[in-house]
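Subject: Structure handover

Hello,

I am passing the structure below on to you. My notes on it follow.

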Amino acid sequence: MKTTALSRPHEAVSFFVPGVPRALSVGTTRRVGRKVYQGRRNNEWADHIGRVAWQQYVGMRPMDGPVSMTISAYVPRPKRVADDFPIRRPDLDNLIHKITDRFIGLFYHDDAQIVRLSAWKRYADGRPPGLDITVEEER
């Protein structure tokens, strides 16, 4: 039987999403009478992340067990900054909080399978801004 990249047991999936990382806001909620309207903002960046992953790994069998994910966000360095670390906006948690939903059905069946999540925010010194994402089965 011929083994392909899609049928082998999963080791790790790693890919880069180019672009300036943007905060993924929850949106706003508005009530008009008895109806509640949920506004959505900044979904374009989250959709872009999902498209990059799906284009590279379409046809992959989702992982069945526990999964770990590492996300490294590389942001442009401002012209005037004395800090070695990007301690200004956007907040790290706002950069990553909607990303896991974009990979349901691709890397895993449900984002509840994620048992370990590591995230970093760094300046994109000497490299393009964007996200490095690694998803692997937890052992």
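Which strands do the buried residues of H1 pack against? They pack against strand E1 (12-18) and strand E6 (130-137). Helices (H or I, at least four residues) and strands (E, at least two) are DSSP runs, numbered from the N terminus; buried means under 20% relative accessible area, with a 1.4 Å probe and protein chains only.

This is a predicted model, in which local features need pLDDT of at least 70, side-chain atom pairs count only at pLDDT 80 or more, and totals for chains, interfaces and linings use all residues. Residues are numbered from 1 along each chain as its sequence is written, and side-chain values use heavy atoms, leaving out hydrogens and water.

Helix H1 covers residues 43-57. Among its buried residues are Trp-45, Ile-49 and Tyr-57. After H1 comes Gly-59, with a positive phi near 90°.

E1 and E6 run antiparallel and are joined by seven bridges. Val-13 has Val-135 in E6 as its bridge partner.

Ile-99 is in contact (heavy atoms within 4.5 Å) with Leu-24, Ile-49, Ile-71, Leu-131 and Ile-133, leaving aside its neighbours within four places in sequence.

Regards

Notes. The expected span of a helix is 1.5 Å times one less than its number of residues. Buried means under 20% relative accessible area, exposed over 50%, partly exposed in between (1.4 Å probe, protein chains only). Two strands pair if DSSP finds at least two bridges between them.
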